[in-house]
Amino acid sequence: MPVNKRVFYSLEQARWRRAGQELRRKLSRFAELPVFSWDAARAQDLYLEYIDKKLLDSADDIIMERCFEWFIFDYKLYSGKTIIESYRDRHRQSLSKHEVALLQKWAVSCNSMYELIEVLPEEGLIIKDIFSSVQIKVSDANAPLDIEQGSILLIRVLPVGEEYEFS
């Protein structure tokens, strides 16, 4: 008889997850506003300039997704701010307490190199920051099971309440 595996989360963590999902959607919509068109095109040109052209055919979706993430989190707009900082400043009054806290932490997050320590089926991954040796459990029930222990990942990890998620 199969074992019924149940995962329980606190109500507060569920609120954090919901706020994180909604905030990602809001940031994406904000970044796609026409006012950022020039910056988005320039950011894309800069980002793709350093990508091996052979990779563009085989991994277009992944590369463009990473480019868009870089545009939101790292690219400095003409104003000198990032998209995430601009969003926070423009919408400060309408943000929930969870969104304010997430934006504060996300605005200083950066890509890093992580070693995959363990895959936790239907839960996520345990990764270790190569530079700080800090281990993090990333919650992702859809984490690919074919990634091998010891693999090196170049990713951005975002705090979401008491958990971490990939950006």
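Predicted model: local features only at pLDDT ≥ 70, side-chain atom pairs only at ≥ 80, totals over all residues.
Residues are numbered from 1 along each chain as its sequence is written, and local features need pLDDT of at least 70, while totals for chains, interfaces and linings use all residues. Side-chain atom pairs count only at pLDDT 80 or more, and side-chain values use heavy atoms, with hydrogens and water left out.

Student: How many salt bridges does a search of the whole structure find?

Tutor: Side chains of opposite charge can pair when their charged atoms come close. A salt bridge here is a side-chain nitrogen of Lys or Arg within 4 Å of a carboxyl oxygen of Asp or Glu. Searching the whole structure gives 15.

Student: Which residue forms a salt bridge with E22?

Tutor: E22 is partly exposed, at 26% relative accessible area (buried is under 20%, exposed over 50%, partly exposed in between; 1.4 Å probe, protein chains only). The closest N and O atoms are 3.7 Å apart, and the partner is R29.

Student: What separates E69 and R66 along helix α4?

Tutor: E69 and R66 meet in a salt bridge at 3.9 Å, N to O. E69 is buried at 12% relative accessibility, whereas R66 is partly exposed at 25%. Both lie in helix α4, residues 60-73 (helices are DSSP runs of H or I, at least four residues; strands are runs of E, at least two; both are numbered from the N terminus). Because they are three residues apart in that helix, the separation is about one helical turn.

Student: How many residues apart are R156 and D74?

Tutor: The side chains of R156 and D74 form a salt bridge at 2.4 Å, N to O. R156 sits in strand β4 (residues 152-160), and D74 in the loop between α4 and α5 (83-91), so this pair links distant parts of the chain, 82 residues apart.

Student: Is R156 buried or exposed?

Tutor: R156 belongs to one network with R66, E69 and D74, joined by salt bridges that share partners. D74 is partly exposed at 27%. The relative accessibility of R156 is 1%, which counts as buried.

Student: What is the orientation of α1 to α4?

Tutor: The axes of α1 (residues 11-31) and α4 are 11 Å apart, at an angle of about 90 degrees. Axes are lines fitted to C-alpha atoms, for helices over the stretch in contact, and angles run from 0 to 180 degrees between N-to-C directions. Angles under 35 degrees count as roughly parallel, over 145 as roughly antiparallel, 65 to 115 as roughly perpendicular and the rest as oblique. The orientation is therefore roughly perpendicular.
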